[in-house]
Amino acid sequence: PGRLKSPWSQTAGFLSEYLVSLCSLIFGGALDAYPKLRFCLQEGGATWIPWYLDRLSNTYDSDEKARKTAKHPTEYLDSKFFFTIEPSERALGYLCENVSSKNLMLGSDYPHPDITGRFDPNGELTNTIKLLMVREDLSQEAKEAIAYKNALRFLGSQLKN
């Protein structure tokens, strides 16, 4: 769609597509029909998830037509979806503390040219792993999960030794 090429696509373009797609997958029954299906949503961040979990719950709890899924919709979000994050997302600590870090992965933005580094708060060029690891609002466990453990779990048997 044209909105993904607009100047504001980084603000709302990808996220708006995610919200519609997630609702279609969850409430449309695709995840019940294909229980092994999993997804990784990239380039939209993840700090919107607490709000979305609340909206999913409100819809499910208040609309009888939405209750045709085998599970509560928040269970699908927790078990079927992974999300890439930017280490600069301001509410990342809140997300990890109040929801979870188990479905979050560090996005590299490959093949875009900025894969080798980002500017840290002091204006120094650094890599995305370092930006994640210096965050004071994340536990060491959350940092390791986001940096590599969740990717290993997501890819699972697709990885070769």
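Before I start, one term: I call a residue buried when its relative accessible area is under 20%. With that in hand, please keep in mind that what we are looking at is a predicted model.

By that criterion, both Phe82 and Phe154 are buried, and since these two residues also face each other as a ring pair, let me stay with them for a moment. Their ring centres lie 4.8 Å apart with the planes at 55°, so the pair counts as tilted. Phe82 belongs to strand S2 whereas Phe154 sits in helix H7, residues 140-155, so the pair ties together parts of the chain that are 72 residues apart in sequence.

Let me now turn to the sheet. Three strands make up an open sheet, ordered S1-S2-S3, with parallel pairing. S1 and S3, the latter spanning 104-106, are the edge strands, each of them pairing on one side only. Neighbouring strands here are turned against each other by 30° on average, if we ignore direction. As a reminder, strands of a sheet pair through backbone hydrogen bonds, either parallel or antiparallel. Between S1 and S2, which run parallel, there are three bridges, and Cys40 stands opposite Phe82 of S2.

Which helices pack on this sheet? H4 does, touching S1 and S2, and its direction makes about 65° with that of S2. H7 does as well, touching S1, S2 and S3, with its direction at about 115° to that of S3.

Helix H4 covers residues 73-80, and its buried residues are Pro73, Thr74, Tyr76, Leu77 and Lys80. Viewed down the axis of H4, these buried residues fall within an arc of 160°, so they line one face of the helix.

Finally, the aromatic residues, of which the structure holds six pairs. In one of them, Phe39 and Phe81 have ring centres 5.3 Å apart and planes at 15°, so this pair is stacked. Elsewhere, Tyr18, Trp48, Trp51, Tyr52 and Phe83 form one aromatic cluster.

Notes: Residues numbered from 1 in each chain as written. Predicted model: local features only at pLDDT ≥ 70, side-chain atom pairs only at ≥ 80, totals over all residues. Heavy atoms only, no water. Buried < 20%, exposed > 50% of the residue type's maximum accessible area, 1.4 Å probe, protein only. Helix = DSSP H or I, 4+ residues; strand = E, 2+ residues; numbered from the N terminus. Arc of directions from axis to C-beta. Phe/Tyr/Trp six-rings, centres within 6.5 Å; stacked < 30°, edge-to-face > 60°. Pairing = 2+ DSSP bridges. Axes fitted to C-alpha atoms, helices over the stretch in contact; angles between N-to-C directions. Contact = heavy atoms within 4.5 Å.
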